[in-house]
Protein chains: 2
Amino acid sequence: MPLSANNPDRKSWLHVDKNSDFPIQNIPFGVFLTRDDIITIGTRIGDTAIDLGALHQLGYFDDIPLTDDIFLQDSLNDFIADGRKTWRSVRNRIAQIFDAENTTLKNNKQHKEIVLFRLDEIEMQLPVQVGDYTDFYSSIEHATNVGTMFRDPENALMPNWLHIPVGYHGRSSSIIPSGIPIHRPQGQTLPAGSDTPVFGPSKLVDFELEMAFITTDANDLGEPIPIEEAEEYIFGLVLFNDWSARDIQKWEYVPLGPFLAKNFASSISPWIVTLDALEPFRVASPKPKKPQLPYLQYKGKKSYDINLEVAIKPKKAKETVVSNSNFKYMYWNMCQQLAHHTVNGCPVNSGDMMGSGTISGPTPDSYGSMLELTWRGEKPLKMNDGTERKFINDYDTVIMRGYCEKDGTRIGFGEVSTQLLPVYNPKKNK
Amino acid sequence: MPLSANNPDRKSWLHVDKNSDFPIQNIPFGVFLTRDDIITIGTRIGDTAIDLGALHQLGYFDDIPLTDDIFLQDSLNDFIADGRKTWRSVRNRIAQIFDAENTTLKNNKQHKEIVLFRLDEIEMQLPVQVGDYTDFYSSIEHATNVGTMFRDPENALMPNWLHIPVGYHGRSSSIIPSGIPIHRPQGQTLPAGSDTPVFGPSKLVDFELEMAFITTDANDLGEPIPIEEAEEYIFGLVLFNDWSARDIQKWEYVPLGPFLAKNFASSISPWIVTLDALEPFRVASPKPKKPQLPYLQYKGKKSYDINLEVAIKPKKAKETVVSNSNFKYMYWNMCQQLAHHTVNGCPVNSGDMMGSGTISGPTPDSYGSMLELTWRGEKPLKMNDGTERKFINDYDTVIMRGYCEKDGTRIGFGEVSTQLLPVYNPKKNK
């Protein structure tokens with residue numbers, strides 16, 4: 001099936017700002033609550049949200065094989081489980097319906113009132129119910145920076161790093177959409193020079209600039225996914241802030257990995273941009289520095305040129321951009337990650353989420369965490385209001401944005417924005 | 001509400017063998033497929049499975065506030081979410097219905113035909129849809145054995161171990177019920193003396209003798225569960241075989257923890273035995289060897305005296321029991337684990353599962369893994385058929401059992417039994 005939705009010459013009859021992340025070539029998928037408190041699956045063109053449940057009920061998808069309630073759900077899991085052919089049919093149809101040349105819906109005032117929403121009339125939800133969430137560690141710059149700081153600059157990368165797309169399991173229950181504030185976590189930390197831990201608020205709360213991909217049902221228990229099939233099972237991508245408490249992590253993570261340092265919150269952008277929409281922005285991954293085992297070898301361009309930025313907004317000041325990075329820096333790509341994840345027969349289901357790991361670039365202004373940007377706090381960052389940041393302060397909002405741009409077409413992700421509140425107070429917060 | 005279902009003098013009109021794990025004082029909860037291919041929630045007395053969905057439709061729970069379809073589901077998640085008061089009402093009612101003195105159902109042949117099943121007429125399913133699965137590492141003997149083998153006998157325990165109930169996130173998608181065979185996983189391992197990994201079947205497939213507890217909805221994002229409330233959120237326990245590939249683990253696990261070495265399969269026993277049923281078997285946990293932070297301090301007996309055994313059954317031979325351990329050996333108890341898990345505000349939901357970690361006892365015959373029982377393969381175990389085992393061979397079945405016994409009452413878990421098949425073959429297995 002052709003990717004006609006990607007036609008760069010198409011215009012929509014809906015208004016789209018020149019710098020919008022959501023031209024008619026994007027057509028992302030999300031879940032929102034409408035002004036009538038109805039939950040539905042939708043898409044977005046410019047600043048207009050589109051209720052796909054209503055469009056379907058009105059017959060606009062009638063010749064596409066879809067169950068009646070496929071969009072009247074509180075998650076995209078079932079739609080994603082329908083597979084790539086269905087995603088493409090629906091995306092192509094949406095492009096037709098909103099094409100500037102097509103007057104069917106454009107001229108139907110009654111239908112438009114049912115289907116279209118201003119952004120301030122809806123409330124974005126988590127787009128999927130995440131069954132399992134895995135986080136990788138696939139940026140060589142990030143792994144090198146962390147290894148240099150905490151271990152040995154001469155042997156910054158662990159011996160397995162150039163052979164394995166290192167990953168670990170994360171917590172699904174604390175994945176939240178953009179806009180939900182979080183509390184500074186409490187936990188155990190080990191004061192410098194002491195051998196007895198203390199309990200209290202984390203002093204080193206950090207963001208991690210990541211992206212995450214969402215999968216469809218891929219394999220049964222025991223059955224690996226060959227790398228050449230891996231892409232088939234990837235629905236799309238979101239921006240991902242993998243919140244981290246560095247001081248808790250340092251004390252707890254040996255030998256079984258990070259736990260409470262990570263699972264207090266992980267924020268994602270609410271619109272899933274499909275791999276299909278990103279097709280024009282494919283680029284090659286970095287060249288391997290060591291030979292990779294056959295099950296990790298691939299042909300073609302498997303990465304994407306996605307500009308990423310992070311900004312910090314203090315409570316009463318304008319935001320300051322603190323990092324500019326790019327998804328293409330990832331040493332291990334998504335196909336390698338998925339082939340590795342399943343080579344032992346681990347089953348991957350619709351709605352599973354896999355994080356890239358912190359995406360740091362080669363230059364200090366492209367690092368993907370405060371840990372790296374301030375080099376453990378040694379080089380604080382200046383904010384617009386004159387204050388400094390070593391890590392994230394109470395009431396700061398961390399905002400991540402991402403977009404692709406080529407030949408006048410811009411496909412973006414919107415943002416994931418999360419405010420850090422002070423430690424939870426049972427008396428005040430109940 | 002009293003725990004009248006625990007009355008030790010009660011007999012059932014259903015036949016119960018003297019050594020059954022499932023007297024009328026147990027009343028575990030599970031999910032099964034019936035002979036008519038209907039999925040339902042059920043319980044078990046002796047060797048009779050009881051369809052709770054049918055019992056409810058026939059009016060036997062009419063004065064308990066339950067939704068009509070609460071038992072006509074493919075998981076216990078919604079029932080568990082109803083909370084302890086509901087679990088107790090239902091368990092007490094089941095005890096009444098099957099009490100030897102109660103002739104209502106006993107004398108209703110038509111109802112009995114609808115409600116009761118022989119075990120060979122049903123197929124047990126996963127009892128819950130596991131949202132998040134966490135594995136702890138809470139046996140001091142196991143942590144000490146592993147530390148002695150792989151690090152330093154003088155400093156076998158990591159510095160954090162006596163302060164933190166160390167845990168990490170596992171994979172929900174590969175949790176399977178007893179009876180489902182698994183394939184030997186493939187993956188990367190590092191040959192001794194080499195710095196280049198090879199790909200192939202794991203040579204060191206191992207079991208880990210664990211138990212796991214299932215939670216109800218406990219807290220919102222950001223809100224810790226105080227240790228004195230923790231027990232309220234624990235529904236019950238299952239036996240848990242946390243399959244492990246030791247050679248894959250050794251190469252992959254630094255610095256983010258075990259991943260493919262664990263997520264190829266994790267097997268559980270299908271009947272959840274409630275904490276209420278285990279009430280008579282409470283015992284004290286081991287005394288702390290170091291002071292614990294206030295959020296981990298508790299009052300009363302928070303462990304349970306549960307005898308555990310592991311047997312290996314080669315393809316054409318009788319089983320050999322290779323380990324006898326006990327849940328009471330756990331250094332960190334479930335309340336400490338749950339308080340720790342949520343102290344940073346991590347949300348815990350109905351159907352989440354938390355593994356104990358390998359439960360090794362103080363003596364070599366009570367170790368909970370082949371790694372420890374054979375001391376890295378140095379002391380192979382003799383099977384009944386004269387063969388030896390360093391780790392688990394293809395076609396071996398690993399069987400774990402557990403029961404409590406006191407004053408003539410035995411409450412058991414049945415078993416979790418899983419056969420290890422050879423590496424998955426895409427031509428043969430498709």
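In the predicted model, the side chains of B:Asp352 and A:Arg171 meet in a salt bridge, with 2.7 Å from N to O, a salt bridge being a side-chain nitrogen of Lys or Arg within 4 Å of a carboxyl oxygen of Asp or Glu. Across the interface of chain B and chain A, four salt bridges are found by this rule, and 29 residue pairs, both at pLDDT 80 or more, are in polar contact (a pair of N or O atoms within 3.5 Å; within protein, one must be able to donate a hydrogen and the other to accept it, and residues adjacent in sequence count only if both atoms are side-chain atoms). Residues are numbered from 1 along each chain as its sequence is written, and chains are lettered from A in the order in which they are written. Local features need pLDDT of at least 70, side-chain atom pairs count only at pLDDT 80 or more, and totals for chains, interfaces and linings use all residues, while side-chain values use heavy atoms, with hydrogens and water left out.

The contact (heavy atoms within 4.5 Å) takes 60 residues from chain B and 60 residues from chain A. About 5,600 Å² is buried between the two chains, 63% of which comes from carbon and sulfur atoms; buried area is the accessible area, for a 1.4 Å probe, that two parts lose on being put together, summed over both.

Within chain B, strand β20 (residues 307–313) runs antiparallel to strand β21 (residues 320–326), to which six bridges join it; strands are DSSP runs of E of at least two residues, numbered from the N terminus, and two of them pair if DSSP finds at least two bridges between them. A hairpin of six residues connects β20(B) and β21(B), and B:Ala311 stands opposite B:Val321 in β21(B).

Conventions: Helices (H or I, at least four residues) and strands (E, at least two) are DSSP runs, numbered from the N terminus.
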